[in-house]
Amino acid sequence: MRNRKSLRLIVTLMLLALLAAGCGNGNNNNGQAQGTAGASPNAEQPAEDVTLTFWHHYSTASAEEKTLKEVLIPKFEAEHPNIRVNAVSFPWDQLHQKLQIGASAGELPDVARLDIIWVPELQANDMLVALDEKFDDFAEVSKELLAGPLSTAVIGAHTYALPLNTNTKVLFWNEKMFKEAGLNQAPATMDEFFAALPKLKDKFPQSWGFGEPALRGWNVLPWLWSNGGDVLSPDNTTAQGYLNGAASVEIATKLQQAFSQGLITGFKPGDTPVTEGHAKDVYGMMAEGPWAFAQFTDQFKEFKPMAASFPAGKGGSVQVLGGEDIGILSKEHPEESWEFVKFMVSEAAEVEMGKVGQIPVNLKAMEHPDIKAISYFAPFLEQLTTSKARPPVSAWPQIDDVLNDAFMQIFLQKADVQKTLDGAAQQIDDLLNA
Amino acid sequence: MYAKKLRRDAYLFFIPGFLFVCWFIVYPLVQNFLYSFYDFRLTRLSDKTFIGLDNYHAIFHEKLLWISLRNLLYYGLLTVPGQMVLGFLAAYALYRSFPGVKFFRAVYFVPVVTSWVVASLVFKFIFTDRGFLNYLLTDKLHWTSAPVSWLSTPFLALTVLALLGIWKGIGWVMVLYLAALQNVPQSLYDAAKVDGAGAWQRLVHITIPSVRQTSSFIQVMLIIGSFNVFTSVMLMTGGGPLHETEVLLSWMYNKAFKHYDLGYAAALAYLFALPIAVLNWLQMRRDKESD
C-alpha cells in the first residue's frame, strides 16, 4: 500500500513537471549563447541598472568582435556604470532574418548594427526610433559625422539611425599573375579589363581572370553603373528602360561572354571562395572591400595584396557604397540606448574599429594619426568619392533576389540577355508597385 | 478489485507518456495542418488570414514542385538500389566468420555514424572545381583539360549528392542484411550443394529469396529516407544554382525560413507526408500478409 502511494506521488510529480515544462514561456533569446552577458533583452531592470542588448554582425573571424567585446564595451561600461551591454553576434544574413522575425515575435534588441540597405525596410515596419525627433542633442552628434553615410538613414523628414562605418569595393589585382601574363598594372578602364582577362587565362589555364562571389546588387551594380546603366530610374519608381536599357544589356552581354569563355567565375556552387582564391592565384582580379586586407593579413601572410580603382567605363569608375548604421529599436530604454549609440560613433570608438578595418565616418576619427597611418584605406577613400548607394527602397531585399536569379540565368543557362533583363525589370516594377 | 487497481495504476504510467506525445507531436501536427489553410507569415505571427486551399493551389502551380520531384526521383533511383545492392554485397561478404570480419564490419558502418555535416563538407571539398577529384582528373591523370563543374551542373550535382547518400547508407543496409543472413538455415545450402547448385545458384535461389522481407523493409525505409534528404543539399549546393538541385525539404525550409511563409511550408509538409504515409501503409499491409 505504501509503495502504491509513493508511486502515485512520483507519477503526480512527473505530471506536474511535464505541465510546467509545457507551459514554460518562450522568453528565451536564441542569441544568448553567444552573448557577453546573460540578461534577456526585455528583462525588467531597476532604473539604476540597465542591460542593453546589442545585436551586431561584426566578424567573429577577424578582430572586429574582439575589439567590440574587449575594448569598446568595457570602456562604455566603465563610463556608464549603470548600463551593461549584452552584445550578441550573428552572421550578416541571419541578423537580417532575426530582425525581421523579432519584430513579429516581440523580441527585438535595444540597439542594432544595421546594413545600410536594411534601414528603409525596418523603418517601413515601424521598428526604428526617429533619432532627430527623440533626442535633443541629435544635431550636435550628427554634425560630427560624414554627410554621405548619414544620408543613408534619412527617410522622409527624419533620421532613423547614425552611420557607424562606411565602405566600398576596389579592384584587387594579383601582381604575380599579372607579371607572368605580361601585364604591368591594374586595368584602369573596362576595355583594359576585358583585354586583360584572356591574357591571364592564356598564362593560367586552370585559373580565372576575375572572381565575383555572388550576383546580387552588391556585385552587379558597379558593372551596370560604370557602364552608364542602372537598375532603377533616378526617382526609384521603375526598372523599365534602366535594368533592360542598352547600357545594362551591353555590359551584361560582355560579362556573359567572358563567363562562357571561362574568364570569370566565383559565384557557382563549387567555386573556390573568391578572396582565398585571389591569394592562391585562382582569380587574377576581384572587387572587394577593406575586410579583404584583414583576411589576407590573418590567413595569407605571404600574399601581397594590390588594390586599384574599379575599371572605369562610360559611366566612370562607380562602385557600390556599403556600410553600416546603428539604430535604436528599444521601447524601454531609449535614453540608455542613445548613450551607447553616441559612444559607438564617437571618435575614440571609431578609431578603435578603424584599426581593425572599419573605415570611420566620424570626421575627427578620420583625421586621427592612427587612422591616417593605415595605408590600405587610401584606395577605398578615393573610390568612395564616386561610389553610389543602392536605391533606398523597402523592396530592395526582394529586388536583390530578382537580380541574382536574372544574372544566374544569363551566365549559367546562357539565357538571352535582353529578354531576361526585360523579365527582371517587369518583376522589379511589380515589387515596387506592390 | 485488484485488477481494477492495477488498471488504474497502468493508466497512471501511461498518462505522462501520452501527454508528452500529445504536447510535442500531436499538437504540433494538428496545428501545422491548420496553418496550411492560412496566410501565416513568420514576420506577422499575430495576423494570419484563412485562405482555404490557396496554399495547396499555389504549390501545384509552382515550377519548383516539378523540379524538386524530378530531383527526388533521380536521387531515389540512384540511392535506393545503390545502397541496397552495395549493402547486400557487403553483408554477403562479411556474414561468415573469418579473421578480421569485425574490423571490416565496423569500417563499413563508420559512415552511418559520421555526421551528415562533416560528410557533406568532405564531399564538397572533393567535388569543388579546384577540389581533389578535379585535381586527379585534370592535373594528374590528364583525362579532362578543364576542371569539371560537379556542383554547379544540376545532374552532376545530384549525382554527387546521391553518391554521398549511398556512401552514408551502405553500412545501415549491411547491418540489416547481416541479421537477415544469419537466419537463413544452413540446411538449405547443404541440400542445394548435394543437388549440385553452384555458389551463384545458391545466392539467387536461396539467399536472395530468404531475405526478401528484409529487402522490402529496407526498400521502404530508403525511399522514405530519400524523401528526407536535406542536410547534404543545403551544405553542398544550397539547392542552387537557380533552384536546379532543390529537393522538397530544402524548398520547404526556404519557404519557411527565408520567405517566412509558414502557411505555404505547412501545406508542403502535409502534401509530401502523403506519399510517405501511403508507402508506410503498403509496407505494413505487406508485412501483415506475409505473416
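Chain B and chain A bury about 2600 Å² between them, with 62% of that area on carbon and sulfur atoms; buried area is the accessible area (1.4 Å probe) that two parts lose on being put together, summed over both. The model is predicted: local features need pLDDT of at least 70, side-chain atom pairs count only at pLDDT 80 or more, and totals for chains, interfaces and linings use all residues. Residues are numbered from 1 along each chain as its sequence is written, chains are lettered from A and ligands numbered from 1 in the order in which they are written, and side-chain values use heavy atoms, with hydrogens and water left out.

**Interface of chain B and chain A**

- B:Arg130, B:Leu242 and B:Tyr260 supply 25% of the area that chain B buries against chain A, more than any other three residues.
- On the chain B side 35 residues are in contact with 27 residues of chain A, where contact means heavy atoms within 4.5 Å.
- The interface holds 1 salt bridge, defined as a side-chain nitrogen of Lys or Arg within 4 Å of a carboxyl oxygen of Asp or Glu.
- A:Lys268 and B:Asp129 form a salt bridge, and their closest N and O atoms are 2.8 Å apart.
- There are also 6 residue pairs in polar contact between chain B and chain A, both residues being at pLDDT 80 or more. A polar contact is a pair of N or O atoms within 3.5 Å; within protein, one must be able to donate a hydrogen and the other to accept it, and residues adjacent in sequence count only if both atoms are side-chain atoms.
- Helix H1 (2-35) and helix H6 (132-140) of chain B each give at least two residues to the side of chain B that touches chain A. Helices (H or I, at least four residues) and strands (E, at least two) are DSSP runs, numbered from the N terminus.
- H1(B) provides the largest share of that side, 11 residues.
- By class, the side of chain B that touches chain A has 17 nonpolar, 9 polar and 9 charged residues. Ala, Val, Leu, Ile, Met, Phe, Trp, Tyr, Cys and Pro count as nonpolar, Asp, Glu, Lys and Arg as charged, and the others, Gly among them, as polar.

**Two domains of chain A**

- Chain A is divided into domain 1 (31-166 + 322-389) and domain 2 (170-318 + 395-433), with bounds that come from an automatic or database domain assignment.
- The C-alpha centres of domain 1 and domain 2 of chain A lie 30 Å apart.
- Their contact takes 16 residues from domain 1 and 17 residues from domain 2 of chain A.
- Domain 1 and domain 2 of chain A bury about 1400 Å² between them, 67% of it on carbon and sulfur atoms.
- In domain 1, A:Phe380, A:Gln383 and A:Lys388 lose the most area to domain 2, together 39% of what that side buries.
- The count between the two domains is 1 salt bridge; the side chains of A:Lys388 and A:Asp230 meet in a salt bridge at 3.7 Å, N to O.

**Strand pairing in chain A**

- Strand E7 (residues 170-173) and strand E10 (residues 283-288) of chain A run antiparallel and are joined by 4 bridges; two strands pair if DSSP finds at least two bridges between them.
- A:Trp173 has A:Met285 in E10(A) as its bridge partner.
- E7(A) is also joined by 2 bridges to strand E11 (residues 307-308) of chain A, and these strands run antiparallel.
- A:Ala308 in E11(A) stands opposite A:Leu171.
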